[in-house]
Amino acid sequence: MPTYQADAIVLRRLDYGETDRIVTLLTREYGKLGAIAKGARKGKSKVGAALDLFARSTMMLAKGKNLDVVAQVERRGDARYISGDLRRTAYACLDKVMEDRHPVDEIFELVVLTLQRLNDVKRVPRADAAWFVMRMLDVLGYAPQLQDCPDCGTPLSKAAGWFSPLLGGVLCPRCGAHDQGGSPLSVNGLKVLRLMAAGQAELYDRLRLSDQLLDEVEHALDGQLEYHLDRHLKSLDFIRSIRDGHRTPA
């Protein structure tokens, strides 16, 4: 079988048959793809031992009829604190936003960086996940409108407003209506979203965001992502359920 090499990250794993494992991989060269690791669940399998969730590896894959086959794996990174912590695992399960066999180098680098951050126990996973979603929206061309009202075009003042995924941004007080889809956004929430949209990573990392503020940011970004992907993401439901049970102590 023809073989090829890929810089890959394991996004999902599924036990198959007696000893095999099916994996969803995000690769730099070929985008997201599925592959089967034959015999990966055997105790002495070198391939199986290297296929940890969210770990980065250099893989040799062979072309198959239905699924490609994982032939060799050389680990390049550690992800023990992601796979070992359900909360961090939940934030990493966003593979549904990526199309199969559609490589985008910027997305791969973003995922690598995000997984490194989620693997750092000193960081706040909710804040890192929100940053990831904002950057994904930007790469996909769905970045929210945060300077002018997307309905009437009026420049937004520094005041509380209403975020509308349907219209793609923050509405001015005249256009905002709480009976339409969306979520409220405070002045500080708007400031944080603008900082994120500008890509000011160092300043964002220095912020100490309260749970209430993170709620606002997450509702806005999650709503924007789901609207433009035109489907309800179960992975985001899982993330919400996990983070609701792991609030930052007051």
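## Ground rules

Because the model is predicted, local features need pLDDT of at least 70 and side-chain atom pairs count only at pLDDT 80 or more, while totals for chains, interfaces and linings use all residues. Residues are numbered from 1 along each chain as its sequence is written, and side-chain values use heavy atoms, leaving out hydrogens and water.

## Salt bridges

Let's start with the charged pairs. The whole structure holds 17 salt bridges, where a salt bridge is a side-chain nitrogen of Lys or Arg within 4 Å of a carboxyl oxygen of Asp or Glu. One of them pairs Asp 7 with Arg 56 (2.7 Å, N to O). Asp 7 sits in strand β1 (residues 3-16) and Arg 56 in strand β4 (residues 56-62), so this pair ties together parts 49 residues apart in sequence. Helices (H or I, at least four residues) and strands (E, at least two) are DSSP runs, numbered from the N terminus. Asp 7 is buried at 7% relative accessibility, and Arg 56 is buried too, at 19%. Here buried means under 20% relative accessible area, exposed means over 50%, and partly exposed is in between (1.4 Å probe, protein chains only).

Glu 109 and Arg 28 make another salt bridge (2.6 Å, N to O). Glu 109 belongs to helix α4 (residues 105-118) and Arg 28 to the loop between β2 (20-27) and β3 (31-37), so the pair links parts 81 residues apart in sequence. Then there's Asp 128, whose salt bridge with Arg 123 has its closest N and O atoms 2.8 Å apart. Asp 128 is buried at 4%, while Arg 123 is partly exposed at 23%. Through shared partners, salt bridges also join Asp 7, Arg 28, Arg 56, Arg 76, Asp 105 and Glu 109 into one network.

## Cysteines

How many disulfides are there? The count is 0, with a disulfide taken as a pair of cysteine sulfur atoms within 2.5 Å. The sulfur of Cys 149 is 3.8 Å from the closest cysteine sulfur, in Cys 152, which is too far for a bond. As for Cys 152, its nearest cysteine sulfur is that of Cys 175, 3.7 Å away.

## A three-stranded sheet

An open sheet of 3 strands runs in the order β7-β6-β8, with antiparallel pairing; two strands pair if DSSP finds at least two bridges between them. β7 (169-171) and β8 (183-185) stand at the edges with a single partner strand each, so one side of each has no neighbour in the sheet. Strand β6 (residues 161-164) is joined to β8 by 3 bridges, and Phe 163 has Ser 183 in β8 as its bridge partner.
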